[in-house]
There are 2 protein chains.
Amino acid sequence: MTTPPLPPLRFNAFAMNCVSHINHGQWVRDDTSQTSYTDLETWVNLARTLERGYFDALFLADVIGTYDTFRAGRETAVREGLQTPVNDPSLLVAALAHATEHLGLAFTQSVLQEPPYNFARRLSTLDHLTKGRVAWNVVTSYLESAAKGLGLDGLPLHDERYDRAEEYTDVLYKLLEGSWEENAVVRDRARRIYADPARIHDVHHEGRFYRVNGPHLSEPSPQRTPLLFQAGSSERGREFAARNAEAVFLGAISPQGARTQVEDVRARAVAHGREGGDILFFQGLTLIIGSTEEEAERKLADYRDHTSLDGFAAHLSGSLQLDLSEVDFDAPVGEIDTNGVQGFVRSLVEGAPDKTWTFGEALRARAWTRPVAGVPERIADELEQWREAGIDGINLSYVTTPGSFEDFADHLAPVLQKRGLLKTEYEEGTLRQKLFGRGDRLPATHPAGRYRRG
Amino acid sequence: MTTPPLPPLRFNAFAMNCVSHINHGQWVRDDTSQTSYTDLETWVNLARTLERGYFDALFLADVIGTYDTFRAGRETAVREGLQTPVNDPSLLVAALAHATEHLGLAFTQSVLQEPPYNFARRLSTLDHLTKGRVAWNVVTSYLESAAKGLGLDGLPLHDERYDRAEEYTDVLYKLLEGSWEENAVVRDRARRIYADPARIHDVHHEGRFYRVNGPHLSEPSPQRTPLLFQAGSSERGREFAARNAEAVFLGAISPQGARTQVEDVRARAVAHGREGGDILFFQGLTLIIGSTEEEAERKLADYRDHTSLDGFAAHLSGSLQLDLSEVDFDAPVGEIDTNGVQGFVRSLVEGAPDKTWTFGEALRARAWTRPVAGVPERIADELEQWREAGIDGINLSYVTTPGSFEDFADHLAPVLQKRGLLKTEYEEGTLRQKLFGRGDRLPATHPAGRYRRG
């Protein structure tokens with residue numbers, strides 16, 4: 001008996017509508033377009049490059065607020081272009097859908113940003129305009145500055161943010177799945193009936209955080225609920241993912257660490273009546289591709305030369321809401337409290353192979369997503385290990401853009417395709433159909449399923 | 001002495017991300033693409049047609065909620081596709097900017113929809129992505145159903161809605177104009193400084209309805225505050241327009257009626273320290289263009305045959321929040337109370353040339369925007385009258401789409417150009433520069449001006 005070959009990995013490009021997303025300090029280079037993030041053409045070119053490289057999706061992160069914890073202010077973030085300034089990612093989606101044919105378009109919005117009634121319509125609109133290629137990355141916000149900007153008394157505590165997210169997504173499911181019956185839109189020109197009023201239902205939701213009374217404003221879109229991404233790694237985050245997510249973004253330190261997280265969330269999903277395979281896991285990585293090992297080493301050295309440790313520290317300080325300038329960069333990671341901390345950060349600190357490593361060493365070694373440098377064959381070997389550990393796909397951070405993605409499309413993709421690690425053609429249909437191959441809509445076992453009618 | 005010739009009129013295409021916007025009943029025709037409103041290609045084709053016809057902008061209306069007042073329910077609106085379903089207009093903007101070079105892109109959002117901190121970022125993002133071709137149409141909402149959907153206790157009363165709008169726009173000005181100094185973004189690669197923290201300022205706003213504490217999230221965009229449209233015609237609406245608007249949408253019954261409104265709002269603007277010419281006035285019209293008078297008559301008959309009076313009555317009932325099915329369509333318009341009523345409706349009722357006209361007659365005669373049918377020369381004569389009355393531009397509703405706009409571009413535009421009623425080329429620059437010819441930013445005398453620094 002032979003084991004059937006594992007399916008190809010999925011690939012997302014991980015980016016953000018800002019200057020410096022993850023790999024801080026690189027924006028100053030001549031070979032990156034990061035300072036042109038306000039120009040739509042930059043994004044159209046990127047999307048077309050990604051489709052050329054058989055990427056499944058462009059994954060647009062978003063964080064509202066500013067990273068103002070490090071050195072008790074936003075100075076470092078502003079100087080580094082570290083997610084400040086930051087523009088809205090959802091407004092790029094339709095333009096990028098028009099410029100491509102198959103690429104999925106995942107964008108992030110926090111449940112704190114606007115009422116669910118309004119956001120549900122944005123989701124439906126984007127799902128219509130992309131013909132079902134949109135995904136929403138559910139986030140709960142972690143910057144106190146976001147709450148101040150939004151006029152809240154303060155950022156709700158971690159667990160309350162997840163309580164809100166559970167209720168917010170629940171309201172969205174009611175609107176997106178339950179308000180308009182499948183055959184509500186009849187488009188009967190002879191009888192002059194666009195939709196059948198008897199098949200459109202009010203949502204009545206009176207919850208702890210949200211209230212909606214009325215029908216959804218949009219007619220059913222190809223996926224109804226867009227594909228759902230999530231990245232929480234705390235206890236509550238994993239529970240939320242196990243219940244709601246269809247794709248989970250991990251920042252594991254090693255394939256073995258990823259395996260543990262995947263198995264944990266899959267088991268939780270099964271406990272919620274879903275199937276383990278209902279969730280795909282994407283590991284965050286930075287790849288540095290050279291045509292020779294020497295070139296890869298040179299590019300890695302270039303990356304390190306441009307890396308801003310201040311940038312990483314300010315980023316991490318914001319994520320932790322803890323001023324790391326007051327923490328000794330020389331303190332052993334074993335002494336850092338990771339209670340209630342975001343995924344990547346927690347995995348960075350907890351995953352340091354040696355607890356006597358200083359924080360600075362862990363930061364330098366890891367730099368948010370693992371930089372893997374080498375010739376395509378060597379990178380393919382590494383990716384194979386992630387796949388064997390149960391990872392379904394990779395969320396690829398860039399060093400330069402679109403350079404890192406061009407390297408992928410031009411040099412890595414052919415090698416990955418030869419080894420069955422990357423698809424050789426796109427499947428037809430919606431993003432959900434492309435990823436799961438079993439239809440456009442969420443399965444009936446998903447929490448959204450219970451709101452369907454008929 | 002000769003009078004200098006009047007400048008060409010401006011033209012906006014008036015549309016909405018829904019099936020039936022204004023001219024209800026036409027969606028069933030084979031020669032309209034209204035049922036394809038969910039398809040991005042429909043909008044891209046429209047935008048390109050408009051640019052071919054030298055339109056200044058696509059003006060995207062929006063109304064949240066459903067028209068559920070007529071016959072005490074939403075049945076008519078749903079059957080007629082009357083602004084239900086309705087998708088978000090702002091999400092079309094970037095795609096249409098990418099497909100065109102000069103066309104302005106105006107979209108509507110109500111001040112009730114989301115916190116100003118979040119909306120300010122959407123405005124900046126769109127202004128960046130369009131290179132300064134975006135406009136925002138400020139509305140305050142008039143459907144009780146919108147308030148229910150948003151989870152409010154009820155729709156605020158008319159004047160309180162304007163209080164909110166005044167505060168909301170004020171907060172936006174603080175964020176868009178006052179937070180980032182003109183030279184805050186330095187992009188100094190050598191010194192590794194993207195922006196100068198000393199030139200980015202917190203907004204501290206604690207008002208009756210809104211609270212914001214923090215800096216704006218986006219760097220300054222070409223126009224900073226996008227071009228501001230407004231359509232209110234009530235006392236408060238006119239005051240709001242006089243203070244804030246740069247373009248006002250009128251639904252006057254006649255050129256003479258328009259002149260009165262224009263003069264009133266211009267005088268109010270001057271009282272607020274602005275110049276009369278700081279506001280452009282756009283009259284709403286429906287044009288039916290034939291190559292012969294007979295063809296125009298035939299097309300007008302076709303329009304009337306397809307017109308749904310039920311649709312208009314349901315639309316008007318929603319706008320008035322008054323069930324017109326309980327009002328006798330045979331009642332004289334003189335008996336209808338127009339207190340606190342929206343612009344078009346008020347002008348429809350008040351502007352009926354004979355107060356003994358029945359409501360049904362007024363509705364049939366006016367049908368929301370005046371349908372003017374004829375050969376291009378005849379329509380040009382009509383447009384000339386509006387121009388002579390002080391109207392700066394026309395907001396053009398369609399009968400069929402893109403048919404009505406193709407007729408404009410192919411048959412009317414050459415005649416208008418010959419008569420100096422339509423530009424023969426686009427000016428360069430942002431939408432504000434194209435419309436006013438004096439720079440990208442709001443004048444210093446605008447209320448936004450007082451928040452500028454340095």
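Predicted model: local features only at pLDDT ≥ 70, side-chain atom pairs only at ≥ 80, totals over all residues.

Biologist: What should I know before reading the numbers?
Modeller: Residues are numbered from 1 along each chain as its sequence is written, and chains are lettered from A and ligands numbered from 1 in the order in which they are written.

Biologist: What kind of axis relates the two copies?
Modeller: Two copies of a chain are related by a rotation about an axis and a shift along it. Copies are superposed by least squares on the C-alpha atoms of residues with pLDDT of at least 70 in both. Here chain B can be laid on chain A by a turn of 180° and a shift of 0.0 Å along the axis, with an RMSD of 0.0 Å. The copies are thus related as by a two-fold rotation axis.

Biologist: Which residue of chain B comes closest to the rotation axis?
Modeller: The distance is taken at the C-alpha. It is 1.9 Å, and the residue is Ala95(B).

Biologist: How many residues of chain B are in contact with chain A?
Modeller: Contact means heavy atoms within 4.5 Å. 100% of the interface residues of chain B are also interface residues in chain A, so the copies meet through the same surface. On chain A, 81 residues take part, and on chain B the number is 81.

Biologist: Which residues of chain B lose the most area to chain A?
Modeller: Buried area is the accessible area (1.4 Å probe) that two parts lose on being put together, summed over both. Between chain B and chain A this is about 6,900 Å², and carbon and sulfur atoms give 54% of it. Three residues together make up 12% of what the chain B side buries: Leu91(B), Arg189(B) and Arg192(B).

Biologist: How are H7(A) and H8(A) set to each other?
Modeller: Helices (H or I, at least four residues) and strands (E, at least two) are DSSP runs, numbered from the N terminus. Axes are lines fitted to C-alpha atoms, for helices over the stretch in contact, and angles run from 0 to 180 degrees between N-to-C directions. The axes of H7 (residues 235-244) and H8 (residues 255-271) of chain A come within 8 Å and cross at roughly 55°. Angles under 35 degrees count as roughly parallel, over 145 as roughly antiparallel, 65 to 115 as roughly perpendicular and the rest as oblique, so H7(A) and H8(A) are oblique.

Biologist: How many residues in the contact of H7(A) with H8(A) are charged?
Modeller: H7(A) brings Glu235(A), Arg238(A), Glu239(A), Ala241(A) and Ala242(A), and H8(A) brings Gln261(A), Asp264(A), Val265(A), Arg268(A) and Ala269(A). Ala, Val, Leu, Ile, Met, Phe, Trp, Tyr, Cys and Pro count as nonpolar, Asp, Glu, Lys and Arg as charged, and the others, Gly among them, as polar. That contact has four nonpolar and one polar residue, and the charged ones number five.

Biologist: Is the peptide bond from Thr84(A) to Pro85(A) cis or trans?
Modeller: Pro85(A) sits in the loop between helix H2 (75-80) and helix H3 (93-99) of chain A. Omega of the bond from Thr84(A) to Pro85(A) is near -5°, and the bond is cis.

Biologist: What is phi of Arg187(A)?
Modeller: Arg187(A) lies in strand E5 (residues 185-188) of chain A. Its phi is positive, in a residue other than glycine, and is near 45°.

Definitions and conventions:
Heavy atoms only, no water.
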